[in-house]
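Please keep the sequence and the model in view while going through the points.

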There are 4 protein chains.
Amino acid sequence: MDLWWNNNIKATKFVKEFTAGEDIELDQQLVKYDVIGSIAHATMLNKIGILSTEELAKLKKGLKEILKLDKEGRFQINVFDEDVHLKIEDHLTRKLNGIGKKIHTGRSRNDQVLVVVRLFSKEKLLNIQENVLELCSALVEFGEKNRDTPMPGYTHFRKAMPSSVGLWALSFVESLLDDLISIKSAYSLNNQNPLGSAAGYGVPINIDRELTTKLLGFERIQNNVLYVQNSRGKIESAILSALAQVMLNLSKLSNDLIIYSSDEFGFFDIPEFLCTGSSIMPKKRNPDVLELVRARANTVISYLSQTMSIIKDLPSGYNRDLQETKGPLIKSFNILNRCLDMTGAVIKNLKVNESRLANAFNSQMFAVDEALNMVGEGVPFRDAYKNVELNFLHPPKDLQNPKQAIKARTYTGTTGNLGLHNLQKQIIKEKNILLAEKEKFKGSVDRLLR
Amino acid sequence: MDLWWNNNIKATKFVKEFTAGEDIELDQQLVKYDVIGSIAHATMLNKIGILSTEELAKLKKGLKEILKLDKEGRFQINVFDEDVHLKIEDHLTRKLNGIGKKIHTGRSRNDQVLVVVRLFSKEKLLNIQENVLELCSALVEFGEKNRDTPMPGYTHFRKAMPSSVGLWALSFVESLLDDLISIKSAYSLNNQNPLGSAAGYGVPINIDRELTTKLLGFERIQNNVLYVQNSRGKIESAILSALAQVMLNLSKLSNDLIIYSSDEFGFFDIPEFLCTGSSIMPKKRNPDVLELVRARANTVISYLSQTMSIIKDLPSGYNRDLQETKGPLIKSFNILNRCLDMTGAVIKNLKVNESRLANAFNSQMFAVDEALNMVGEGVPFRDAYKNVELNFLHPPKDLQNPKQAIKARTYTGTTGNLGLHNLQKQIIKEKNILLAEKEKFKGSVDRLLR
Amino acid sequence: MDLWWNNNIKATKFVKEFTAGEDIELDQQLVKYDVIGSIAHATMLNKIGILSTEELAKLKKGLKEILKLDKEGRFQINVFDEDVHLKIEDHLTRKLNGIGKKIHTGRSRNDQVLVVVRLFSKEKLLNIQENVLELCSALVEFGEKNRDTPMPGYTHFRKAMPSSVGLWALSFVESLLDDLISIKSAYSLNNQNPLGSAAGYGVPINIDRELTTKLLGFERIQNNVLYVQNSRGKIESAILSALAQVMLNLSKLSNDLIIYSSDEFGFFDIPEFLCTGSSIMPKKRNPDVLELVRARANTVISYLSQTMSIIKDLPSGYNRDLQETKGPLIKSFNILNRCLDMTGAVIKNLKVNESRLANAFNSQMFAVDEALNMVGEGVPFRDAYKNVELNFLHPPKDLQNPKQAIKARTYTGTTGNLGLHNLQKQIIKEKNILLAEKEKFKGSVDRLLR
Amino acid sequence: MDLWWNNNIKATKFVKEFTAGEDIELDQQLVKYDVIGSIAHATMLNKIGILSTEELAKLKKGLKEILKLDKEGRFQINVFDEDVHLKIEDHLTRKLNGIGKKIHTGRSRNDQVLVVVRLFSKEKLLNIQENVLELCSALVEFGEKNRDTPMPGYTHFRKAMPSSVGLWALSFVESLLDDLISIKSAYSLNNQNPLGSAAGYGVPINIDRELTTKLLGFERIQNNVLYVQNSRGKIESAILSALAQVMLNLSKLSNDLIIYSSDEFGFFDIPEFLCTGSSIMPKKRNPDVLELVRARANTVISYLSQTMSIIKDLPSGYNRDLQETKGPLIKSFNILNRCLDMTGAVIKNLKVNESRLANAFNSQMFAVDEALNMVGEGVPFRDAYKNVELNFLHPPKDLQNPKQAIKARTYTGTTGNLGLHNLQKQIIKEKNILLAEKEKFKGSVDRLLR
C-alpha cells in the first residue's frame with residue numbers, strides 16, 4: 001500500500017472516498033436547502049457591505065439556476081466535489097468568478113450543514129405531521145364504521161374481556177395524537193437559526209444573525225455559537241426520538257394486524273393487492289408489508305441510539321464524527337413517511353369479519369361482569385372474585401352478550417363512550433395549526449427564491 | 001427439577017421469585033404513590049355508591065397508616081407479597097377486613113401500576129427540572145466570572161480559533177435550557193390520568209374518571225382505556241428520551257472537564273476533595289466522578305432503547321413484558337439526579353488557570369482573522385483564504401491578541417456578546433413556572449392525604 | 001451545597017457513594033474470587049522473595065477466614081469500604097498488621113478487578129453451559145416423545161406447510177448447541193490471566209506471571225500489560241454477545257409457547273402451577289413467566305450495547321468508566337441462568353393437544369405437495385406452481401394426510417429424518433467436555449484454598 | 001389514495017417499492033453468490049433425476065452468462081424484478097424456456113437468500129481476517145521500530161507511569177489477534193449449508209443436502225430445516241458481534257491517535273496527505289479519517305443491536321422482517337474493510353516525535369518506582385505508598401530515567417519484555433491457516449463455475 005502514496009491522485013481519492021461515505025448520495029437531497037441557506041447568507045453579506053447589490057443579484061441568479069439544474073437531475077454531486085456545499089461554491093465560482101469567491105465570507109461548511117439539516121428537517125417534520133394526521137383520519141373513519149362491532153379484548157395474548165373494533169382502532173389515534181406532542185417539541189428545538197456560528201467561535205466581522213433568522217423563517221436565533229456546533233446530533237436525536245415514537249405505534253398496529261388477520265384469528269382481512277405471494281407455495285398470501293413496517297421500527301430505534309452514541313463522548317466543538325448523524329436522520333424520515341403511507345393504505349382497505357369476531361367470544365370473558373354483578377348485590381369485590389374463581393361455570397346468559405357488554409361500559413374512554421367527536425375535533429384543530437405552519441415556512445422559502 | 005413440583009410451596013416460590021424480579025426492591029419506592037392513587041380511587045368509589053362514607057374514612061385511615069409505616073421503614077415488601085399493590089390490599093384486608101376487600105372494585109393492578117408510575121414520574125420530572133436549573137445557575141455564575149478569559153476554541157480536537165471560558169460554560173446552559181423543552185414535553189405526556197382503564201377494557205360499573213383526574217391533579221384524562229394500557233412503556237420511553245438528552249449534556253461537560261483538567265491542557269483544576277486516588281500510585285489524583293458521569297450516560301441511553309425494544313412488538317393490551325419497563329425508568333431518574341448533583345459540585349468548585357489558558361494560544365488560531373482582515377481590504381474571501389494558506393507565517397501582531405480577539409466578535413452569541421442577561425432572565429422565568437407546577441402537585445397530594 | 005464542603009466527612013461520603021454506585025451490592029458476590037486471586041498473588045510474592053513463607057501462611061489463613069465469614073454473611077461491604085478489594089486488604093491489615101500491608105505489592109486494584117471478573121465469569125460460563133445442555137436434554141426428550149405429532153408449519157404467521165412438534169422442538173436444540181460455539185469462544189477469550197498488569201504498565205519488580213497463571217488455572221497469560229487493561233469491557237462484551245444469543249433463543253421459544261398455548265392456537269398447555277392469575281379477572285391463567293423471559297432478552301441485548309458503548313471511545317489505559325461494565329455482566333449471568341431454569345421447567349411440564357394440532361391443518365398447506373406431485377409427472381415446477389395457483393381446489397385426498405406428509409419428508413433434517421440420535425450423541429459429548437473443564441477449574445481453586 | 005387502487009400497476013409498484021426497500025441495491029452485490037448456489041442446486045436436481053444432464057448443462061451455461069453480464073455491469077436489478085433471485089430465475093426462463101422453469105424445484109427463495117448470504121459472508125469473513133492480519137503486521141512493524149521509545153502511560157487520562165510506544169502499538173495487535181477468535185467462531189457458525197430447507201419445512205422429494213454441502217464447500221449441513229430458517233438473523237448477529245469487536249479496536253486506536261497527534265500531546269504526526277483541511281480556517285489539518293473510523297464503530301454496534309432486535313420476537317418460521325437483516329450485514333462488512341484499510345494506511349505513515357515524548361515525562365510518574373524501591377529495602381508496600389504520598393518531592397534522579405524505567409520492567413508482557421517474536425510467529429501461523437481456508441473456498445467455487 002505504501003508505494004502508491006507517491007501517487008497523489010490515488011491518495012486523494014482514497015481519502016475523499018473514505019470521508020465522503022454516503023454523503024454524495026445523501027447530499028443530493030439537500031441541494032435545495034443549501035441554495036436557500038446561501039441566498040439568505042448572501043443577502044446578509046450584502047446588508048453588512050461585503051457584497052454589493054449587483055453581486056448579490058448575480059449570486060441569487062446563480063443559485064436559482066442550480067436549483068433548476070437540480071430539479072432536472074443535472075446537478076450531480078460526485079466524490080471529488082466532496083459534498084453539496086463545496087459543489088455549489090465551486091459552481092458559483094466557475095460561473096461568476098470573483099463573486100463566487102465571496103460567498104463563503106463569515107461562514108464555515110459546518111454552519112452550512114447545520115442550516116441545511118434544520119431546513120430539511122423542518123420541511124420533513126411538517127410532512128410527517130401531515131401524514132400522521134391522515135392516518136388518524138383513516139383510523140377514525142374505520143373506528144367509527146366499526147364502532148359497535150364486538151371484539152375480544154386480550155391481555156397476555158389471551159382472551160380477557162369484551163371490547164370493540166372501535167376501541168381498538170381509536171386507541172391508535174390517541175397514541176398518534178400524543179406523538180404529535182413529541183414531534184412538535186422536536187420541531188421547536190429544530191426551529192432555531194444556527195447560521196452565523198462560523199466554525200463554532202464566530203468571526204470578527206459584523207454578521208447579522210437577526211436578519212438571516214427572519215429571512216429563513218426560523219422562530220428564533222440559536223444564540224451561543226459554540227452550542228450551535230454542539231447541538232449537531234443532539235437535535236437530530238430529539239427528532240429521532242419523536243420519529244421512533246411514531247414507528248413504535250406503526251409497529252404495534254402492524255403486529256396487531258398480522259395477528260388479527262391470521263388463519264387462527266381471522267378478525268380482519270388485508271386486501272389481496274397489498275399482500276405478497278410465495279415463491280414456492282402457490283395460493284399463499286402474506287402480510288409482508290406489515291412485517292416490514294414492524295422490522296423498520298427497529299431501524300429507526302437503532303438510528304436513535306446510534307446518533308446518541310456518536311455525540312456522547314465528543315469534546316466541545318465540531319468533530320467529523322458528526323457527519324455520521326446525517327444518514328440516520330434522512331433515512332428515518334424516509335422510512336417513516338413510507339410506513340405511514342403503507343399503514344394508511346392497509347387501514348383504508350381493511351375488511352372486518354363480524355362473524356369470526358362474534359364467534360371468538362367465550363363465557364370466561366364475562367367473569368368480571370359476573371363478579372361485578374355480585375358487587376352490585378353488595379358482595380365485596382374480593383369475595384365476589386373468589387366466588388367466581390371457584391364456582392364459575394355458566395355466567396348468566398344475559399351477561400354473555402357481547403353487544404350488550406360493550407354498551408354497558410359507558411364511562412369516559414370505554415367501548416360505550418369512545419369520545420369520537422372529541423377526536424375528530426382535535427384532528428381538525430391539529431390540521432389547521434399544521435396548515436398555518438406550512439404556509440409560513442413556504443412563505444419564507446418563496447420570498448427567498450423570488 | 002420435575003419432582004419438586006409436587007411441592008407446591010417450592011413451585012410457588014420459584015414462580016414468584018421469577019416474576020417479581022427486581023420489583024420487590026423497586027416497589028419500595030412506590031408505596032407513597034399507591035397510597036395516593038388508592039385514596040383517590042376509594043373517594044371515587046364512595047361517590048358512585050360502592051363504598052359508604054364510613055368505609056371510605058376507614059380506608060383512608062388505613063392507607064395513611066401505611067404511609068407512616070413506610071416512612072419508618074416498617075412496611076417491607078417481600079417476595080410473597082408479589083408487589084406493592086397486593087401488599088397494600090392485603091394489609092388493608094387484614095386490618096379492616098371486609099372493607100379492604102372492596103377497594104379493588106373496578107380497577108386492575110395494571111391500572112394501579114400506571115397511576116403509580118405516572119405520579120412518581122411527575123414528582124421526579126419536577127425534581128429533575130429543579131436540578132437542571134440549579135446546574136444552569138452554577139454554570140451561569142461560572143461563565144459570568146470567567147466571561148472574558150480567553151480560551152482556545154477547538155475543532156477536530158485541534159486548536160482552531162480564539163474562544164472564551166464564558167462561551168464554553170454558557171454553551172451548556174443553552175443546551176440544558178433546550179433540554180427543558182424535551183422534559184416538559186414528556187411531563188405533559190405523563191400528566192394524564194390512566195386510572196379507570198381497569199384491565200384495558202373498562203368495567204360495567206359507573207367509574208367517574210373525571211373525579212379521580214381532579215383529585216390526583218392530572219391535567220387531563222387519558223381517554224381510550226385500551227390506549228391507557230398500550231401507553232405503558234411508551235410514556236416511559238418519552239421520558240427516558242428527555243433524560244437521555246440531559247445525560248448527553250452532562251457526559252459532554254464531564255468529558256470536556258476531564259480533558260481540560262488533564263496534565264497536557266491544564267486549563268481547569270478539579271478540587272482535590274472531588275478527586276480519587278490510586279491504590280498503587282501515590283500522589284495520583286483522578287477525575288473518577290466525571291468518568292462515571294460519562295459512563296452512566298450510556299446506561300440511560302441503553303435503558304431508553306431497552307424500553308423501546310420491550311414495547312415494540314407487543315400485541316395490544318397488557319403483557320407482562322411491560323413490568324420490565326419499571327426498572328429502567330426508576331434507575332434513570334436516580335442516575336440523572338445524582339449526576340446533576342455531582343456536576344454541579346464540580347462546577348461550583350472549579351478553578352481556572354488563566355496563565356495556562358493564555359499560553360495555549362498560537363498564531364495559527366488567528367488565520368481566519370488574518371484572512372478576514374484581507375476581506376476588509378476588498379479581497380474575496382476565497383482568495384484571502386488561499387493567500388493565508390500559502391503565505392501565512394506571522395499574522396500581524398495586533399491580530400494575535402486573544403483578549404482583543406474575543407472582544408472583536410461582537411454579534412449575537414459570540415464571545416463579545418454572550419447574551420448573559422437573557423439567560424439569567426430565562427432561568428428565573430423557568431424557575432417560577434416550575435415552582436407554580438410544584439405547588440400545584442403538592443396541593444393535590446396534600447388534599448388527598450389530609 | 002458549597003458550604004458543606006468544609007465538612008470533610010460529608011464530602012467524602014458524597015464522593016464515595018457516587019463512585020461506589022452499585023459496586024457495594026455487586027462486589028458481595030465477588031468475595032470468593034478476590035480471596036482466590038489474592039492467595040495466588042501472595043504465593044507468587046513469596047516465591048519472588050517479597051513475602052516470607054510464614055507471612056504467606058498467615059495471609060492465606062486470613063484470606064480463608066474471610067471466605068468463611070462471607071459464607072456466613074458476616075463480611076458485609078459498605079460504602080466506606082469502597083469495594084471488595086479494599087475491604088479485604090483492610091481486613092488483612094487490621095488482623096495481620098504489617099503482613100496485610102505487603103499484599104498489594106506489585107498489583108493495582110484494577111489488576112484485582114480483572115482477575116476477579118475473569119474467575120467469576122469462568123465459573124458462570126461453565127454454569128451457563130450446563131444449564132443450556134440441560135435445556136437441550138429437556139427439549140430432546142420432549143421432541144422425541146412428540147416426534148411424529150403433526151403440527152402446522154408457519155411462515156409470515158400464516159399456515160404454510162405440514163410440520164411436526166418434533167421438528168419444532170429440535171430446532172431449538174440445534175440453535176442452542178450452536179450457541180455453545182459462541183459461549184466457548186467467549187470462554188476461551190476469558191481464560192487468560194490478567195494478573196501482573198499492575199496499573200497497565202507493569203512494575204519494576206520481578207513478578208512471575210507464569211506462576212499465577214498456573215495457580216489460577218488459566219489457559220494462558222494475557223501478555224501485553226496495557227492490552228490487559230484495555231481488554232476490560234471488551235471480553236465482557238464478547239461474553240454478553242454469547243449470552244445474548246442464548247437469550248434470543250429463549251425469547252423465541254417463549255414467544256412460540258405463548259402463541260401456541262393461546263386460546264386461538266391451543267396446541268400446547270402450560271401447566272397451571274407455572275401460570276399466574278389476574279387481580280381483576282377470576283379464572284384467568286397467564287403465561288407471565290414466558291413473557292418475562294421474552295422481555296428480559298431485551299435487558300441482556302441492552303447490556304451488550306451499553307458495554308460496547310462504554311468502552312468505545314475510551315483512551316488506552318484504565319478509565320473509571322470501566323467500572324460500569326461490571327453490573328451488566330453480573331446481572332446478565334443472573335438473568336440467563338434463571339431464564340434457562342424457567343424455560344426448562346415449562347418444557348418439562350408442557351402438554352401437547354394432539355387433536356387441536358390435527359384440526360389446525362387445512363388443504364392449502366398441501367399446495368406444494370400437489371405442485372411437486374405434478375413435477376413428479378414431468379411438469380416443470382413453475383408451471384405446476386401456476387397451475388395450482390389458478391386451479392387448486394381440492395388436492396388429492398391422499399396428499400392431505402398430515403401424518404403421511406411429515407413422513408414423506410425423508411431427507412436430512414426434515415420431519416421424517418430429524419437426526420435425533422446425532423443430537424443425543426452431541427449433547428453427551430458436550431456434557432463430557434464440560435465436566436472435564438469444570439473439574440479442572442475446581443481443581444485449581446481447591447488447591448489454592450487447601 | 002383509495003381511488004388509484006383501481007389502477008393495478010400503481011398498486012403493484014407501491015407494494016413492490018415498499019417491500020424491495022434497499023434490496024435492489026444490496027442484491028446487486030449478491031449476483032455471483034446466487035449463481036453459485038443455483039449451480040449447486042441444479043447439479044443436485046440432476047443427480048436426483050429432476051433435471052437431465054443436458055438441462056443441467058444449459059442451466060449452467062445460462063448462469064455463467066449471468067455472471068459475465070454482471071461483471072460487465074449489464075445485469076441490473078430493478079424494482080419490478082423484486083430481487084436477485086427472481087431476476088435470475090426470470091432470466092433463465094426467458095433464455096432457456098422450459099428449463100428455467102425447473103430450477104426452483106424443491107427450493108424456496110428464502111433457501112436461496114440463506115445460501116447466498118452464507119457464501120457472501122464466508123468470502124467477506126476471509127477478507128476481514130486478511131485485513132486484520134495486515135493491520136497486525138503494520139502495527140508490529142511500527143511497534144518493533146519504536147520498541148524502546150519511552151512514552152507516558154496514562155490512566156484516567158492523566159500521566160501515570162513510564163510506558164513505551166512499543167507497548168502501546170502491540171497492545172492493539174494482541175487485541176486484534178483475540179478478535180480473530182471471535183471472527184473464527186462466527187465463521188464456523190456461518191460455515192453450514194442451509195440449502196434444502198425449502199420454506200423451513202422441507203419438501204416431499206428426495207433432496208440431497210449432502211451433495212450440495214460438498215459442492216458449495218460448506219463444513220457441515222445445518223440439519224433441522226426449521227432451525228435453518230430461524231437461524232437467519234441469528235448467524236448475522238454472531239458475525240456482527242465479531243465485526244463490532246474489531247471496530248471497537250479500530251475506534252480505540254483512532255481515538256488514541258487523535259489524542260496523541262493533538263497540539264497538546266504531539267507524540268505522533270499523522271501524515272498530511274491523510275489529513276483534511278477546513279473550509280474557513282486556512283492552514284488547519286484535521287484527522288477526519290480517524291474521527292470517521294471512530295464514528296462508524298457506532299454504526300456497526302447499532303447494526304448489531306438492530307439485527308438482534310429484529311429477530312427477538314419473531315415466531316418460528318420465516319417472517320419478512322428478516323429481510324431487514326441483510327443491509328446491516330452487508331454494510332458492516334463494507335465499513336469494516338474500509339476502516340481496516342484506512343487505519344493501516346495511517347499506521348504505516350505515522351511519525352513519532354521522540355523529543356515531545358521524552359519531554360512529557362514528569363517526576364510523579366516515578367512514584368511507584370520510588371515506593372517499590374523502599375519495598376526492596378524491606379518496607380511493607382502500603383507503608384512505602386503512604387510515605388511517598390506524604391513526602392514525595394524529588395524521587396532519586398536515577399529512578400527518573402524513562403529509558404531505564406521501561407527497561408527495568410522485564411517480566412512477561414511489560415515494556416522490557418514485549419514478546420514481539422511470539423506475536424510475529426502467531427501472525428504467520430494465522431496467515432497460513434487463512435490462506436489454506438481461502439484456497440479451499442476458492443477451490444469449490446472454481447469447480448462449480450468450471
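1. The structure is a predicted model. The values in this note should be read with that in mind.

2. How chains A and B are related. A rotation of 180° with 0.0 Å of shift along its axis places chain B on chain A, with an RMSD of 0.0 Å. The two copies are therefore related as by a two-fold rotation axis. Both copies use the same surface, for 100% of the contact residues of chain B recur in chain A.

3. Extent of the contact between A and B. On each side the contact involves 96 residues: 96 of chain B and 96 of chain A. The size of an interface is often expressed as the accessible area lost when the parts come together. For chain B and chain A, the buried area is about 8,200 Å², and carbon and sulfur atoms give 57% of it. In chain B, the residues that lose the most area to chain A are B:Y201, B:K312 and B:Y411, which together account for 10% of what that side buries.

4. Eight salt bridges are found across the interface of chain B and chain A. One of them joins A:K101 to B:D383, with the closest N and O atoms 3.0 Å apart. Between these chains there are also 59 residue pairs in polar contact. The side of chain B that touches chain A is made up of 41 nonpolar, 35 polar and 20 charged residues.

5. How chains B and D are related.

6. Extent of the contact between B and D. Chain D contributes 39 residues and chain B contributes 39 residues. The area buried between chain D and chain B is about 3,800 Å², of which 54% comes from carbon and sulfur atoms.

7. Four salt bridges are counted between chain D and chain B. The side chains of B:R285 and D:E389 meet in a salt bridge at 2.5 Å, N to O. There are 24 residue pairs in polar contact. The largest share of the side of chain D that touches chain B, five residues, is supplied by α15(D). By class, that side has 18 nonpolar, nine polar and twelve charged residues.

8. Which residue of chain B has a positive phi although it is not a glycine? The residue is B:F157, with a phi of about 60°. B:F157 lies in the loop between β1 (150-155) and β2 (158-164) of chain B. With a relative accessible area of 8%, B:F157 is buried. In chain C, C:F157 likewise has a positive phi of about 60°, and C:F157 counts as buried at 7% relative accessibility.

9. A residue in a helix. B:E354 is found in helix α13 (residues 354-359) of chain B. B:E354 is partly exposed, at 46% relative accessible area. The C-alpha atoms of B:E354 and B:E17 are separated by 58 Å, and the two residues are 337 residues apart along the chain.

Technical notes. Residues are numbered from 1 along each chain as its sequence is written. Chains are lettered from A and ligands numbered from 1 in the order in which they are written. This is a predicted model: local features need pLDDT of at least 70, side-chain atom pairs count only at pLDDT 80 or more; totals for chains, interfaces and linings use all residues. Side-chain values use heavy atoms; hydrogens and water are left out. Copies are superposed by least squares on the C-alpha atoms of residues with pLDDT of at least 70 in both. Contact means heavy atoms within 4.5 Å. Buried area is the accessible area (1.4 Å probe) that two parts lose on being put together, summed over both. A polar contact is a pair of N or O atoms within 3.5 Å; within protein, one must be able to donate a hydrogen and the other to accept it, and residues adjacent in sequence count only if both atoms are side-chain atoms. Ala, Val, Leu, Ile, Met, Phe, Trp, Tyr, Cys and Pro count as nonpolar, Asp, Glu, Lys and Arg as charged, and the others, Gly among them, as polar. Helices (H or I, at least four residues) and strands (E, at least two) are DSSP runs, numbered from the N terminus. Buried means under 20% relative accessible area, exposed over 50%, partly exposed in between (1.4 Å probe, protein chains only).
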